[in-house]
Amino acid sequence: MEKIQVYVQWCDKNFGATLGDNVPGAVVLTAKTYAELQHEVPETLRFHVEGMVEDGDDVPQWLRDGDYEFEYDLADVTTMLRAFGDDLTLSAISRATGINQRQLSHYANGLKVPRPQQRQRIVDGIHSIGRRLMAVV
């Protein structure tokens with residue numbers, strides 16, 4: 001199964017995405033929410049592939065057959081915090097990371113950019129929350 005990278009970035013009150021280099025042509029889309037974007041990606045790609053096939057373009061067989069899965073690459077901390085804002089509060093992330101909630105708000109609103117170590121603390125904190133949720137039976 002082929003993996004298609006979906007590069008996601010928060011930009012001007014919307015999520016924007018482009019698809020990886022293994023997809024021929026240019027595919028760009030936007031959505032108001034991350035969930036909406038994830039819903040739109042497969043539909044947009046199918047529409048793109050149908051158009052390429054109709055135009056007689058060379059389309060890899062795996063792409064025609066739908067033998068792929070998406071891997072979402074969130075560009076930065078602002079995008080990450082915005083993407084999961086409906087599922088995780090800044091307060092919960094603050095407790096998991098030890099980073100001040102106000103500081104996280106600055107990152108979420110693009111007012112400040114965290115250092116790489118701080119970004120990793122945020123990622124690790126979100127993963128920690130996820131592991132705790134996955135442990136529920």
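This is a predicted model: local features need pLDDT of at least 70, side-chain atom pairs count only at pLDDT 80 or more; totals for chains, interfaces and linings use all residues.
Is Thr78 buried or exposed? Thr78 is buried, because its relative accessible area is 13% and the limit for buried is under 20%. The residue belongs to helix α3, which covers residues 77-83. Show the neighbours of Thr78: leaving aside residues up to four places away in sequence, Thr78 touches Trp10, Tyr107, Ala108 and Gly110. Its side chain also reaches the backbone oxygen of Tyr107, at 2.5 Å.

**The whole chain**

The chain holds six helices and four strands, and from the N terminus on the elements run β-β-β-α-α-β-α-α-α-α. The C-alpha trace spans about 55 × 40 × 25 Å along its principal axes. Of the 137 residues, 35% count as buried. Among contacts with a separation of 6 or more, 47% join residues 24 or more positions apart.

**The sheet**

Colour the four strands. They form an open sheet in the order β3-β2-β1-β4, with mixed pairing. β3 (28-31) and β4 (68-74) stand at the edges with a single partner strand each, so one side of each has no neighbour in the sheet. From one strand to the next, the twist averages 30°.

Now go through the pairs. Strands of a sheet pair through backbone hydrogen bonds, either parallel or antiparallel.

- Select β1 (residues 2-11) with β4: this pair is parallel, over seven bridges. Tyr7 has Asp73 of β4 as its bridge partner.
- Select β1 with β2: this pair is antiparallel, over six bridges. Here Cys11 stands opposite Asn14 in β2.
- Select β2 with β3: this pair is antiparallel, over four bridges. Thr18 stands opposite Val28 in β3.

Stay on β2 (14-19) and show its side chains. Which residues of β2 lie on the covered face, and which on the uncovered one? Phe15, Ala17 and Leu19 make up the covered face, while Asn14, Gly16 and Thr18 make up the uncovered one.

**The turn between β1 and β2**

The hairpin of β1 and β2 has two residues between the strands. What is the phi of Asp12? Phi of Asp12 is near 50°, a positive value in a residue other than glycine. For Lys13, phi is near 70°, again positive in a residue other than glycine. Asp12 is exposed, with a relative accessible area of 64%. Lys13 is exposed as well, with a relative accessible area of 62%.

**Helix α4 and what covers it**

Move to helix α4, residues 90-97. Its buried residues are Ala92, Ile93, Ser94 and Thr97. What covers these residues includes α3, α5 (101-108) and α6. Just after α4, select Gly98, which takes a positive phi of about 80°.

Next, show α4 together with helix α6 (residues 116-134). Two packed helices are described by the angle between their axes and the distance between the axes. For α4 and α6 the angle is about 105° and the axes are 8 Å apart. The two helices are therefore roughly perpendicular to each other, as angles of 65 to 115 degrees count as such.

Which residues of α4 and α6 make the contact? On α4 they are Ala92, Ile93, Ala96 and Thr97, and on α6 they are Arg121, Ile122, Gly125, Ile126 and Ile129. By class, the contact has six nonpolar, two polar and one charged residues. Ala92, Ile93 and Thr97 of α4 take part in this contact and are among the buried residues of α4.

**Last stop: His106**

Select His106, which has its place in helix α5. Not counting residues up to four places away in sequence, His106 touches Leu111 and Lys112. Then draw a distance from His106 to Met1: their C-alpha atoms are separated by 39 Å, and the two residues are 105 residues apart along the chain.

Note on methods: Residues are numbered from 1 along each chain as its sequence is written. Side-chain values use heavy atoms; hydrogens and water are left out. Axes are lines fitted to C-alpha atoms, for helices over the stretch in contact, and angles run from 0 to 180 degrees between N-to-C directions. Angles under 35 degrees count as roughly parallel, over 145 as roughly antiparallel, 65 to 115 as roughly perpendicular and the rest as oblique. Contact means heavy atoms within 4.5 Å. Ala, Val, Leu, Ile, Met, Phe, Trp, Tyr, Cys and Pro count as nonpolar, Asp, Glu, Lys and Arg as charged, and the others, Gly among them, as polar. Two strands pair if DSSP finds at least two bridges between them. Buried means under 20% relative accessible area, exposed over 50%, partly exposed in between (1.4 Å probe, protein chains only). A polar contact is a pair of N or O atoms within 3.5 Å; within protein, one must be able to donate a hydrogen and the other to accept it, and residues adjacent in sequence count only if both atoms are side-chain atoms.
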